[in-house]
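Try each task before you read its solution.

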Amino acid sequence: MVSLFWSIEVERDTEIRQQPLQVWNEQILELCPMAENLLGQIHGWDQVLTARYGDVRMRKWHGDRLVFLGDAGHAMSPQLGQGVNLALADASCLAACLREFPLEKALPEYSRRRGPSLRYYQLATRALTPVFQSSYELISPLRYAGFRISQRIPFFRKMMTKSMAGLMRGI
């Protein structure tokens, strides 16, 4: 199964949907010809969902007999594509904490263990979202150049790879 995320300002959603679907398809195919088979499965705007998101920032991810996992505890921009990875890591960490400690100690331990990683991803998404979603034309060439250069520097390449794999444990 595949999902396609097309990032736009939410205010433009109605305007875009008033155009024939083919106009949208052509814009995507111009950027990514490999998307043709995927787009061929979309026959109407009713198959295209508008997703909105908001950042959720918490200092701790537990309360009294309560824990926040996944987007409930750390919703953020989908630009990094880490929602499912982080939710699975949350669940795994919570399960380990519950095996090791009684409930009243397991939940604070969960927040302690997950905190550095979650704070890293929250910072990363907050820093990168404006770069990915900017409507300023000047940003695109700078973004592409920055990523090309950082891919060639071992430290940054390793950090980007670990980030995309959901393996960053803090800064």
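**Exercise 1.** Decide whether Trp45 is buried or exposed.

*Solution.* Start with the cut-offs: with a 1.4 Å probe and protein chains only, buried means under 20% relative accessible area, exposed means over 50%, and partly exposed lies in between. Trp45 has a relative accessible area of 17%, so Trp45 is buried. Before going on, note that this is a predicted model, in which local features need pLDDT of at least 70, side-chain atom pairs count only at pLDDT 80 or more, and totals for chains, interfaces and linings use all residues. Residues are numbered from 1 along each chain as its sequence is written, and side-chain values use heavy atoms, with hydrogens and water left out.

**Exercise 2.** Classify the aromatic pair that Trp24 and Trp45 form.

*Solution.* Rings of Phe, Tyr and Trp (its six-membered ring) pair if their centres lie within 6.5 Å; planes under 30 degrees apart count as stacked, over 60 as edge-to-face and the rest as tilted. For Trp24 and Trp45, the centres are 5.4 Å apart and the planes make 45°, a tilted pair. Next, locate the partners: Trp24 sits in helix 2 (residues 21-31), Trp45 in the loop between helix 3 (36-39) and strand 1 (62-63), 21 residues apart. Here helices (H or I, at least four residues) and strands (E, at least two) are DSSP runs, numbered from the N terminus. Finally, Trp24 has 5% relative accessibility and therefore counts as buried.

**Exercise 3.** Describe how helix 6 and helix 7 pack.

*Solution.* Take the geometry first: helix 6 (residues 103-133) and helix 7 (residues 139-152) meet at about 125°, with axes 8 Å apart. Axes are lines fitted to C-alpha atoms, for helices over the stretch in contact, and angles run from 0 to 180 degrees between N-to-C directions. Angles under 35 degrees count as roughly parallel, over 145 as roughly antiparallel, 65 to 115 as roughly perpendicular and the rest as oblique. Helix 6 and helix 7 are therefore oblique to each other. Then list the contact (heavy atoms within 4.5 Å): helix 6 brings Leu128, Val131 and Phe132, and helix 7 brings Ile139, Arg143 and Phe147.
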